[in-house]
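Subject: Structure for your files

Dear colleague,

Please find the structure below. My notes on what was found in it follow.

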Amino acid sequence: MAKSELFRTKSVEQSIKDTDDPETRLNRNLGAIDLIVFGVGVIIGAGIFVLTGQAAATTAGPAIAVSFLVAALACGLAALCYAEFASTVPVAGSAYTFSYATFGELIAWTIGWDLVLEFTVGSAALASGFSSYWNNLVEGTFLELPEQLRSAAGTGVVDIPAIVISLLVMWVLIMGIKFSSRINQVVVAIKLAVVMLVIIAGIKYIDAQNWSPFVPPAEPPAAGEGGWLKVPLIQTLLGLEPAVYGVAGIFAGAAIVFFAFIGFDVVATTAEETHDPQRNVPIGIFGSLAIVTVLYMAVSLVITGMQNFRDIDPNDGAPLATAFDSVGVTWMGDVISVGACIGLVVVVMILMLGQTRVAFAMARDGLLPRWLARTHPTHRTPYRITVLTGLAVAAISGFVDLSTLADLVNIGTLFAFVLVSVGVVILRRTRPDLPRGFRVPAATLVAVLAVIACVYLMLNLVGETWVRFLVWMALGFVVYFLYGRRHSRLRRVGEPTAAEGASTPPT
């Protein structure tokens, strides 16, 4: 394939036209409120219920609240770019579709492969988080499983609860987007109630001494194996001594809790299933992001105020429940566990939804087998790719621990944000004529700031995460050159698109 073919773009008009193909058409059932609820539902998950304790204990201390703010600002910059893209190209696929219209096929494949990492591995990570709270809730009852069957970490062998919830979510998604949305609305209400209860009930147990010092002084991490693989990459690149806490700890903490904000970009993947996407998608993105930022900062302040950060076990899968146990309010632990279990189910569902829509768009373009893009004759959902995604999530969550999964999701998402931010500026220059329901103010400046913020957070992830990420991306290039480039619909010059009358999609 010539170099020009590798970077051939798919026009925005063609992307929109493809949505009319009767064999791959999705229903437009979602409004602004649906999208805000989707966003809040997916964002409030393992980040607040699981990773808050880990980040406070290992990197930032009480200043974890500031880490949440830093991560939110980085997400906010990227969200501006996502909002413009989604209002301009209201097609399933999110950053993959946007990249196809700006960078060309090779980069589109790269970002699509990267989004598989974000959404599929993210779903698995949240299924693992669900399992931690479920095991905490059923401990001592007839539902308690042997240690080997309830976790993939430590002495565990397989995570049965994570596998079961992954397969259940798969079935819900096949039943239809509106059905999924209704379930999400009920669960989000429960989840918000639990988060508010944590804040209100925890305030009276705050000891201000636990916040002093708010930014703990830097100190060497505990001795251990691994060398540069176990410390933030930026410390290795700059030749800095490994350390935790201090100002550097705030940014390292932001790189960890960034996982807590993953999900607002899922709103962009539902653009093709939304009424008036030019208006509703930006509302859904910004509304959900603003709500959860306030809640996250409040919860982190309460938890670190109730319990000294040095007493928090970084391996505790249920830190919110443990914080209340530490002050003798054991009943709250059960309430939190119930809310977390219910809430994390929805997060798994929405991240899996995002993955199915990205893979659906890639299959419709021929970069993955076209038969995967067929939609269910009754529910109009991409049921084939949903089944494959559900099985993959079940397998990963059943055999890989949460911390490894979370870091991989973070680096994959940040990389996607970088490409989307650059893409907005490129599309402004190459297609200034396109109607844009939302325009990023000072687009070039915002894009540059977004890239700087995201790259900096990526550099604050440990070396081994970078190694895994690069291996995953290398595997993606192998798949592309062996399959995707030869089956791309753009490469088949003169072949009619499905929307133009192709009766049987190529396999």
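The chain has an accessible surface of about 18,500 Å², and carbon and sulfur atoms hold 66% of that surface. Accessible areas come from the Shrake-Rupley method with a 1.4 Å probe, and for residues only the protein chains shown count as cover. This is a predicted model, in which local features need pLDDT of at least 70 and side-chain atom pairs pLDDT 80 or more, while totals for chains, interfaces and linings use all residues. Residues are numbered from 1 along each chain as its sequence is written, and side-chain values use heavy atoms, without hydrogens and water.

The chain contains 20 helices and zero strands (DSSP runs, H or I of at least four residues and E of at least two, numbered from the N terminus). Of its 507 residues, 59% are buried (under 20% relative accessible area; exposed is over 50%, partly exposed in between).

Val66, Phe214, Val215 and Val247 make a nonpolar surface patch of about 290 Å². Patch residues have over 30% relative accessible area and no salt bridge, with nonpolar side chains (Val, Leu, Ile, Met, Phe, Trp, Tyr) joined within 5 Å and like charges within 9 Å. A salt bridge is a side-chain nitrogen of Lys or Arg within 4 Å of a carboxyl oxygen of Asp or Glu. Phe214 lies in the loop between helix H10 (177-203) and helix H11 (233-237); Phe214 is partly exposed, at 31% relative accessible area.

The whole structure has zero disulfides (cysteine sulfur atoms within 2.5 Å). For Cys75, the nearest cysteine sulfur is that of Cys454, 7.3 Å away. Cys75 is buried, at 0% relative accessible area, and Cys454 is buried, at 0%.

Regards

Key. Buried < 20%, exposed > 50% of the residue type's maximum accessible area, 1.4 Å probe, protein only.
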